[in-house]
Amino acid sequence: MAGNIAAGSRSGIRPALPLLAPAYLWLTLAIFLPLSAMAFFSFMTDLPLSGKDWSFTIRNYAAFFSSGLYVTLLWSSLRLGLEVTLWCALIGFPAAYVLAKVLKGRSREAIFLLVILPFWSNGLVRIFSWAMVLREGGILDVMLNAVLPFKISVDLMYSYPAVIIGLVHSYVPYMVLTCYLTLQAIDDSLIEAARSLGASRLQVLRRLVIPLAMPGLIAGAVLIFVPVVGSFMEPRILGGRTGTFYGTVIEDQFVAVFNWPLGAALSFILLAVVLVILAAASPVLRRAT
């Protein structure tokens, strides 16, 4: 029986190979080859492109553990990822619920268009737009002074809240989209049945809607947390001196210092830490889904 099942699965995969081959070939070229090159660079003393003598070493990885600065910056980046993910969940889940269960017709299409609008603009454009809003004398400052009877000065540029705002704006659509898909799959009759049995709106939300929408929340959290931990554009532009995180240090190694071996080693350490966190949380995530 087992042999028949294995033979059947192989025979089912064989016709699909021509369709799978382009995708896996592209993944090999676009992901595994660059990662392999970076892994090779991370064990080198210098780049061979520079014309200098080089050799293999583990000094680049040892630099992470010998300097407390890298550990501190990594912890700050992990905390930043958690905070941004939390804010995205607090903002994105209610928005997704309204889209999936409240709005209908053209109003839903209009709001959905506003949600995905950030995907249509360049990341640098979004960040510099927030710089125009948050700086002293910026759009937010002018609007508040036009409404309030007293004069205030709003200057959030080059601060930690500015980094949070920029990252949340960039990544909250991921949370909205993943939660929208799971919320839309919930049968409205289940909610109506719970209401008819005397459950309050809060009870329906806490005991029915959120558990059924948990796969979307978890998927959105992973899609947000992983790139935010290594982000560098928003912290660099909106955070200024206070926006020094692990991702900005890696960028400096590649762009400013041109120390690619150290930058590659720091990148793989970040990748390993994120994978360990996801692996440690996987039992909890499986129970939640």
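## Helix α12

In this predicted model, the buried residues of helix α12 are Y246, G247, T248, V249, I250, Q253 and F254. The helix runs over residues 246-255. With seven of its 10 residues buried, α12 is mostly covered.

## T248

T248 is part of α12. Its relative accessibility is 1%, and T248 therefore counts as buried, since the cut-off for a buried residue is under 20% relative accessible area.

Which residues does T248 touch, leaving aside those up to four places away in sequence? They are S231, F232, P235, R236 and G243. There is also a polar atom of the T248 side chain that lies 2.6 Å from the backbone oxygen of F245.

## The largest pocket

The volume of the largest pocket is about 530 Å³. Sorted by class, the lining has 16 nonpolar, three polar and one charged residues.

Helix α12 takes part in this lining: at least two residues each come from α2 (17-42), α10 (201-229), α12 and α13 (260-288). Which helix gives the most to the lining? That helix is α13, with eight residues.

## Aromatic residues

A pair of aromatic rings is described by the distance of the centres and the angle of the planes. Across the whole structure, a search finds 11 aromatic pairs. One of them joins F258 and W260, with 5.7 Å from centre to centre and 55 degrees between the planes. This pair is classed as tilted, because its angle falls between the limits for stacked pairs, under 30 degrees, and edge-to-face pairs, over 60.

Are F258 and W260 buried, partly exposed or exposed? F258 has a relative accessibility of 49% and so counts as partly exposed. W260, with a relative accessible area of 24%, is partly exposed as well.

How values were computed
Residues are numbered from 1 along each chain as its sequence is written. This is a predicted model: local features need pLDDT of at least 70, side-chain atom pairs count only at pLDDT 80 or more; totals for chains, interfaces and linings use all residues. Side-chain values use heavy atoms; hydrogens and water are left out. Rings of Phe, Tyr and Trp (its six-membered ring) pair if their centres lie within 6.5 Å; planes under 30 degrees apart count as stacked, over 60 as edge-to-face and the rest as tilted. Buried means under 20% relative accessible area, exposed over 50%, partly exposed in between (1.4 Å probe, protein chains only). Helices (H or I, at least four residues) and strands (E, at least two) are DSSP runs, numbered from the N terminus. A polar contact is a pair of N or O atoms within 3.5 Å; within protein, one must be able to donate a hydrogen and the other to accept it, and residues adjacent in sequence count only if both atoms are side-chain atoms. Contact means heavy atoms within 4.5 Å. On a 1 Å grid over the protein atoms alone, a cavity is a set of points where a 1.4 Å probe fits but cannot get out, and a pocket is an open set with protein on both sides within 12 Å along at least five of seven lines; lining residues have an atom within 4 Å of a point. Grid points are joined across faces, edges and corners, and a volume is the space filled by probe spheres set on the points. Ala, Val, Leu, Ile, Met, Phe, Trp, Tyr, Cys and Pro count as nonpolar, Asp, Glu, Lys and Arg as charged, and the others, Gly among them, as polar.
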